[in-house]
Number of protein chains: 2
Amino acid sequence: MNHFQFSLLTADPESAARRGRIQTPRGVIETPIFMPVGTQGTVKGMLPEALKDIGAQIILANTYHLFLRPGHERVQRLGGLHRFMNWDRPILTDSGGFQVFSLGELRRITEEGVVFQSHLDGSAHLLSPELSIGVQQALGADIIMAFDECIPYPATREYVLQSTLRSTRWALRCKNALGEKGQQALFGIVQGGMHSDLRRQSSDQLQEIGFDGYAVGGLSVGEEAEVMYEAMDFTLPLLPQDRPRYVMGVGTPENLIEGIRRGVDMFDCVMPTRNARNGVLFTSFGKISIKQARYMDDQQPVDSVCSCYVCRNYSRAYLRHLYQSGEILASVLNTHHNLHYYLDLMTQARQAIEEGSFSRFRREFYRIRQEQNLLSES
Amino acid sequence: MNHFQFSLLTADPESAARRGRIQTPRGVIETPIFMPVGTQGTVKGMLPEALKDIGAQIILANTYHLFLRPGHERVQRLGGLHRFMNWDRPILTDSGGFQVFSLGELRRITEEGVVFQSHLDGSAHLLSPELSIGVQQALGADIIMAFDECIPYPATREYVLQSTLRSTRWALRCKNALGEKGQQALFGIVQGGMHSDLRRQSSDQLQEIGFDGYAVGGLSVGEEAEVMYEAMDFTLPLLPQDRPRYVMGVGTPENLIEGIRRGVDMFDCVMPTRNARNGVLFTSFGKISIKQARYMDDQQPVDSVCSCYVCRNYSRAYLRHLYQSGEILASVLNTHHNLHYYLDLMTQARQAIEEGSFSRFRREFYRIRQEQNLLSES
């Protein structure tokens, strides 16, 4: 516990929003925070310096992908993931569970773990809680995640119950596998689907085991936003105040605002990066698709209130040209803008919480979108 | 001539190598220089800041591509190519001739110009000397090129003769089309194939018309290196000493050294950028293919004597991983390294000429390659 510490700095008077700080061996993370996703040891299209330029405090890397290629032992021999990818700030690795469970026909669940076939070459592997921790130790992430099942939605109550109990048994095995050694913080992941009693049971049992932080898993898996918010509503109050809370795989800018309001400290999602590569850009007034012909002669920046490198230097017309021409720079610039948007939104949210004005900030966030949408419809 | 001026600074005592300086409205170009190719209004994978970081003084853009997409008039409406692509240093545009003539079945040559079908949508266009100049004016490049035919190799003497005479007539039309207006420098392009008398005739007639600089076209079109060097040998002495000399579409690092030795001031080639995207990297000891399994665990930088951002921060193992994983950053980092290699080679060549030691520099360049190759074979 010496190397990893969470401090609660400010609590919003009108909501559960909270401003916090996580100390890690590789520096401080101000929360609430969004973590850009660097699946294969690179946030697609972003140099580490560009990530720092937009204020990225921590990134996420995927255990499943790095386990298969280039291999966690290779990364360890090469000095660990930070050195490998030239990123000296904190890294969080997921457990590999989400990707392995997503393989469908290519995987089989046992109590021991999940037997799966590599999406790269079809080779068979068993990913167990112990191996997941071993891989994450070899990669050397600052925050590592317990191996669990991200339960699909919808699922029967019986399936959710059995899966959640198994994930809890796996979480204990993860904790034991990590032991006392090292400087890595281990987070448990609350499951329980959309059932408040199962979420409570999961949360209680995980806290009994004891983790450095708690994630809420199994959200943003196809359910309606309202269902997700309801699950957040009854799950987040179950978590200890003095530990960081991480909602995995979430989400849209609206999801982030709603998550923060309910007391979430950490988010990650491929949305800003993946959308960028498809020409979809986030702005203060909603999403735009830069490939549209309407931007062909548009000299304006993507978002006139955005201060990012892309908006300071390039027009929508240029970004549209790059996208239409299949240029590498299209992905590079679009990703830069989108990640800046997400991180800037977090910066604004943190500031609003500090100033006790988060509710006003949230209303303003929705008002600008609505106004611009009315304008564009008229 | 106020805005564009070439000064000869140092002549190498042992060869025709020369150190020069080109003044343009957008800044100074120290020669000999290599110009990175930015075909569609972007040097693939390179931010303008990265280009400056590696010392790019001038880049090349392609008239043919920008004419078809996004269209030169659109670029002009958007403030010109410099503003469009966020590059405030000099730009040279080619005439579009090379691409149009490369279209094979899709084009037909007349005295008026070349009728061709767009490779994008099959639409028919006539590219004439006058339109080529008009497009290059609209784009707003600092150095523009006369519209000519880059003669294929091999070709009959009669074809070379007729084509060269037509290119000269077109060059005159280009000069007339540009007129006195503007701050753009216009270069004529010497053709004449591998025939010294036709090269002389072309060079004489172009000088009679009078251009701000002279290019040697029709090289690096499939001929042996020795044939190219011979053509340089008899063509470069035909060109005036007080104008920059540009050998188009050349070439390998060896070609550049041999060109400089023969008095060339400017080069351009897609080789460093295209090879980078295919995982082929230039080093002081020759080319390497980063996709090879031998680099899987290689902690070394691409080239231990290279000072570029990539070699300072990443291992061969990481670059190999990025390439194998199809990551955007593979192209970004490989391109950065290769262009740095090319530009650094030019910096070293300039310094050697200044110090009167170009011949020694050239011997050393070959010696290091040979030594390393012997080492890697043993």
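Contact here means that heavy atoms lie within 4.5 Å, and the structure examined in these terms is a predicted model, in which local features need pLDDT of at least 70, side-chain atom pairs count only at pLDDT 80 or more, and totals for chains, interfaces and linings use all residues. Residues are numbered from 1 along each chain as its sequence is written, chains are lettered from A and ligands numbered from 1 in the order in which they are written, and side-chain values use heavy atoms, with hydrogens and water left out.

In an unreviewed UniProt entry, the feature "active site" is placed at Asp94(A) and Asp268(A), although such annotations may be inferred rather than shown by experiment. The two positions span 175 residues in sequence, yet no two of their C-alpha atoms are more than 10.5 Å apart, so they gather at one spot. Asp268(A) belongs to strand 14 (residues 266–268) of chain A, strands being DSSP runs of E with at least two residues and helices runs of H or I with at least four, numbered from the N terminus. With a relative accessible area of 8%, Asp268(A) is buried, a word that stands for under 20% relative accessible area as found with a 1.4 Å probe on protein chains only. Residues up to four places away in sequence not counted, Asp268(A) touches Phe34(A), Met35(A), Val37(A), Leu60(A), Tyr246(A), Val247(A), Met248(A), Gly249(A), Val250(A) and Gly251(A).

Asp94(A), by its position, lies in the loop between strand 6 (91–93) and helix 5 (97–101) of chain A, and at 8% relative accessibility Asp94(A) counts as buried. Among the residues in contact with Asp94(A), neighbours within four places in sequence left aside, are Asn62(A), Tyr64(A), Gln136(A) and Met145(A).

In chain B, helix 7 (residues 157–178) and helix 8 (residues 196–209) pack at an angle of about 10°, with their axes 10 Å apart, where axes are lines fitted to C-alpha atoms over the stretch in contact and angles run from 0 to 180 degrees between N-to-C directions. That makes helix 7 of chain B roughly parallel to helix 8 of chain B, a description used for angles under 35 degrees. The residues that make this contact include Leu161(B) and Leu165(B) of helix 7 and Leu198(B) and Leu206(B) of helix 8.

In chain A, the axes of helix 9 (residues 225–235) and helix 10 (residues 253–261) come within 10 Å and cross at roughly 20°, which makes helix 9 of chain A roughly parallel to helix 10 of chain A. Met228(A), Tyr229(A) and Met232(A) of helix 9 make the contact with Glu254(A), Asn255(A), Glu258(A) and Gly259(A) of helix 10.

Technical notes:
Angles under 35 degrees count as roughly parallel, over 145 as roughly antiparallel, 65 to 115 as roughly perpendicular and the rest as oblique. Buried means under 20% relative accessible area, exposed over 50%, partly exposed in between (1.4 Å probe, protein chains only).
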